[in-house]
Amino acid sequence: MDTPISPVQKTATTKNVVDKIKKKKKRNRIIWISLIGLLVLIVVLIVVKSGKEKPITVQTEKVSTRTITEIVQATGKIQPETSVKISPEVSGEIIQLPFKEGAMVKKGQLLAEIKPTAIKAQYEAGVAQLEGSKAQAEQAKAQKLQAELSLNRTKQLHGKALSSDADLEVAQQQYDVAMANLNAAQHNVGYYANNLTLFSESLRKTSVLSPMDGYITQLISQLGEKVVGTSQFAGTEMMAVSDLSVMNCMVDVDENDVVNVKLGDTARVSIDAFPDRTFIGVVIEVANSAELKGTGTQDQSTNFQVKIRVQGFETGELRPGMSCTAKIETRTKSNIMCVPIMAVTRRTVESKKATTTDETSELSKKQNAGNEEDRSPTIVFVIDGTRAKSVQVKTGISDNSYVEVIEGLKGGEEVVKGNYSAVSKDLEDKKLIKIDNGVNTASDKKK
């Protein structure tokens with residue numbers, strides 16, 4: 001049987017429940033206030049942190065005076081200065097081919113022999129014809145002497161009135177005929193003698209001789225192959241003989257650079273087959289006409305061929321067709337103000353957030369005079385305390401590592417030379433920087 005709850009107990013129970021609810025609400029309120037406070041603190045920290053400028057790490061180098069040699073670089077092939085393509089002058093079958101490709105030959109040595117059977121038969125027939133024509137000439141000469149004696153006797157008899165006029169005319173006619181036959185026979189001797197000379201020359205041409213000292217750099221025909229002579233047609237190219245003691249580097253130079261290349265310029269030639277060697281060369285020829293490549297396409301280019309004579313190698317060491325790269329030294333300036341080539345960049349005027357100095361503005365006016373559309377001046381970033389200052393410059397010649405500064409710098413300034421991303425796009429005027437020259441840049445590696 002349940003015990004009845006008194007009014008006092010009921011009131012106490014209700015009060016306990018109310019107290020628990022109040023405590024729970026208070027605890028929830030404290031949690032929410034704490035969360036809001038934490039959120040506000042995070043937002044404040046983010047705002048404070050974002051408001052603090054982060055420096056850009058760069059590498060620097062002082063402006064210095066140097067000697068700069070401007071370089072025009074081009075690629076090409078190694079080729080002999082003298083190379084002769086050998087073709088036979090008579091047609092026929094190759095019956096001798098004594099040398100292989102790469103062999104050294106002397107001038108006058110037999111390179112190939114064409115089967116001479118038919119030409120030899122023509123030559124022998126020519127000899128017989130010449131001998132026959134000579135015999136006919138001797139016979140005609142004898143007939144002429146006989147006719148001459150007969151004419152003289154007839155003239156004597158006619159002078160004594162012992163022969164008629166008709167006899168004299170017949171004797172004279174016989175002499176004239178004999179004389180004409182002798183002339184014809186003599187001309188035949190000359191004709192067949194000339195024919196024999198042609199046959200003899202053709203027989204001689206069956207032996208193909210080397211026109212020069214050199215090496216067989218290309219062997220196209222094989223023993224037993226039939227070739228066509230050059231007497232009536234283009235002829236079959238059998239081989240090529242080259243003088244490997246004088247080799248040239250044939251490179252294609254862009255039309256924008258060829259104007260700086262002159263005869264006598266020194267070049268340093270790197271050949272792929274000799275990675276540890278650099279050959280010295282001299283420019284001996286610059287083409288006057290251009291070579292167009294990729295006409296009508298996006299890769300169209302206009303180049304001029306430059307011939308560089310290579311020095312400092314042994315005969316036969318270099319081979320035709322080797323790939324090479326030539327660095328032609330076109331201009332040299334001494335004791336000029338220079339900055340690392342990595343320090344120079346171009347920026348559009350609109351991308352600059354800070355205003356330039358009066359000196360820079362004045363230089364900008366000089367560079368852009370008469371060209372208002374030029375919106376990409378050349379600049380370098382100079383160290384100004386803990387910040388970078390953009391300075392517009394005018395540049396001159398350059399080599400692989402440094403570029404001449406003609407205007408814009410006084411000398412002795414410290415300029416930003418790396419990293420590439422900082423110089424090309426990240427840095428701006430008055431930007432906070434952090435110098436760390438312990439990092440090797442591409443410019444450092446080149447030095």
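Two strands pair if DSSP finds at least two bridges between them, and the strands (E, at least two residues) and helices (H or I, at least four) are DSSP runs numbered from the N terminus. Please keep in mind that this is a predicted model, where local features need pLDDT of at least 70 and side-chain atom pairs count only at pLDDT 80 or more, while totals for chains, interfaces and linings use all residues. Residues are numbered from 1 along each chain as its sequence is written, and side-chain values use heavy atoms, with hydrogens and water left out.

**View 1. Strand β21 and its pairing partners.** Strand β1 (residues 56-62) runs parallel to β21 (residues 431-435), and three bridges join them. Look for Val-58, whose bridge partner in β21 is Ile-435. Strand β17 (residues 387-392) pairs with β21 too, this time in the antiparallel sense and over two bridges. Here Arg-387 has Leu-432 of β21 as its bridge partner.

**View 2. The largest nonpolar core, with 27 residues.** A nonpolar core is a set of buried Ala, Val, Leu, Ile, Met, Phe, Trp, Tyr and Cys residues joined through side-chain atoms within 4.5 Å. Inside this one, the residues with the most contacts are Ile-78, Cys-249, Ile-271, Val-306, Ile-308, Leu-318 and Ile-328. Six strands supply at least two core residues each: β2 (64-86), β9 (239-254), β10 (266-271), β11 (279-286), β13 (301-310) and β14 (323-340). Strand β9 gives the largest share, five residues. A second, separate core has 17 residues, including Leu-111, Ala-112, Val-208 and Met-238.

**View 3. The surroundings of Ile-78.** A contact means heavy atoms within 4.5 Å. Setting aside neighbours within four places in sequence, Ile-78 is in contact with Met-247, Asn-248 and Cys-249, among others. Its list of contacts also includes Ile-271 and Val-310. The run Leu-318, Arg-319, Pro-320, Gly-321 and Met-322 is there as well, together with Cys-324.

**View 4. Lys-307, a lysine in strand β13.** Is Lys-307 buried or exposed? It is buried, with a relative accessible area of 19%; the cut-offs are under 20% for buried, over 50% for exposed and partly exposed in between (1.4 Å probe, protein chains only). Beyond four places in sequence, Lys-307 touches Asn-248, Cys-249 and Met-250 on one stretch of the chain, and Val-282, Val-283, Ile-284 and Glu-285 on another.

**View 5. Glu-89 and Lys-205 in a salt bridge.** The structure holds 13 salt bridges, each a side-chain nitrogen of Lys or Arg within 4 Å of a carboxyl oxygen of Asp or Glu. In this one, the closest N and O atoms of Glu-89 and Lys-205 are 3.2 Å apart. Glu-89 lies in the loop between β2 and β3 (92-96) and Lys-205 in helix α3 (residues 165-205), so the pair ties together parts 116 residues apart in sequence. Glu-89 is partly exposed at 38% relative accessible area, and Lys-205 is partly exposed at 22%.

View 6. The side chains of Glu-329 and Arg-268 meet at 2.8 Å, N to O. Glu-329 is partly exposed at 22% relative accessibility, as is Arg-268 at 40%. In the other bridge, the closest N and O atoms of Lys-333 and Glu-404 are 3.3 Å apart. Lys-333 is partly exposed at 32%, whereas Glu-404 counts as buried at 8%.

**View 7. Gly-294 in the loop between β12 (291-293) and β13.** This glycine is partly exposed, with a relative accessible area of 34%. Beyond four places in sequence, Gly-294 touches Asp-299 and Gln-300.

**View 8. Where to read the model with care.** The protein chain averages a pLDDT (the predictor's confidence in each residue, from 0 to 100) of 84, and 85% of the residues score at least 70. Over residues 368-373 the pLDDT stays under 50, and the model has one contact there beyond four places in sequence. Residues 441-447 also stay under 50, with 14 such contacts.
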